[in-house]
Amino acid sequence: MKKSLAAMTCAIVIACTAASNADELTLSGIKNVKLIDSGSFVVSGLPPFAREETFEFLQRPDGGITLLSATTMTSGSYRVQARYDYDADWNALRGEGRGIYEDEPVRINLRAQPGAVSIRVRGEKTTIDETVSCPDGCFMDMAPSGSPMFVMTRRYDRDKGGMQSFRWAGQDLRQPLTTPDEQQAALRLRREIPVQRTDGTTITILDYEMIERIPTPDGGVFVMEFDLWTDADNRPMGYRINKVGGKPSTSGILGFRKGYEDVRDQVAGDSE
């Protein structure tokens, strides 16, 4: 059935509005910031997963941190954006995203509340209002962005070592999926790897194991296993999905920082 002219006009207006909002989000609207780090992840894998994600970590005048992330699929099928605000201790305060559910642009808001994170999604057809329990606070996530994972490495206690768990609350930017209560990711620093680069310099890579546990409606737990890599200054370097539901991942997802392909070739092929 052909769409009416009114419906087509409405769709164009919504798409243009979403693009305008996305531009505003990219600019972030923050004065007097200090750029801490910026870069891009080039994510390889099967065609449905191949993408590039740009990210910026900005320090605000109040000492807190803002993370800006934009993900564009290699196929050009979609582009989504997210912003995350943290306090000076890297506790998540709020998040805002621009996503698209099939052909519907949506706006996503996450807010930290006492003991919880509220999640609000609005689109032309979609309305979601959820609250995720977070007794001791949660990090925030809006898939498919990978950069928020690396906030955990900022909070990881290297002196303590071992597996350290973090609670998460999030909303997908590509489909109406909200994280369940008690979703957790555990992080363990396995080792530090000195890597000689092709220009003769040496960079130290911190090699983390990450295990994500997602409660399922039937009372079970869905488990995903990752590698995370940073440099000695906690700059995100890369990540890889190793296992999904206890089985080797077939997606081939490996994201690594652009410009560090020589490091990727050594580190990604040398994980324990």
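Trainee: Which residues does a disulfide join, and what is the S to S distance?
Mentor: In this predicted model, a disulfide joins C134 to C138, with the sulfur atoms 2.0 Å apart.

Trainee: What makes the link of C134 and C138 left-handed or right-handed?
Mentor: The angle about the S-S bond is -95°, and with that value the link of C134 and C138 is left-handed.

Trainee: Why does C134 count as buried, and why does C138?
Mentor: Buried means under 20% relative accessible area; C134 has 1% relative accessibility, so it counts as buried, and C138, at 7%, therefore counts as buried too.

Trainee: How much space lies in the largest pocket, and which residues are the closest to its centre?
Mentor: The largest pocket holds about 1000 Å³ of space. Its lining is made of 36 residues, of which D141, A143, P144, D172 and M224 are the closest to the centre.

Trainee: Which strand gives the most to the lining of the largest pocket, and how is that lining divided by class?
Mentor: At least two lining residues come from each of β10 (164-170), β12 (202-215), β13 (221-231) and β14 (236-244), and β12 gives the most, with four residues. By class, the lining of the largest pocket has 22 nonpolar, nine polar and five charged residues.

Conventions: Residues numbered from 1 in each chain as written. Predicted model: local features only at pLDDT ≥ 70, side-chain atom pairs only at ≥ 80, totals over all residues. Heavy atoms only, no water. Disulfide = S-S within 2.5 Å. Buried < 20%, exposed > 50% of the residue type's maximum accessible area, 1.4 Å probe, protein only. 1 Å grid on protein atoms, 1.4 Å probe; cavity = no way out; pocket = protein on both sides within 12 Å on 5 of 7 lines; lining within 4 Å. Points joined across faces, edges and corners; volume = space filled by probe spheres on them. Nonpolar A, V, L, I, M, F, W, Y, C, P; charged D, E, K, R; others polar.
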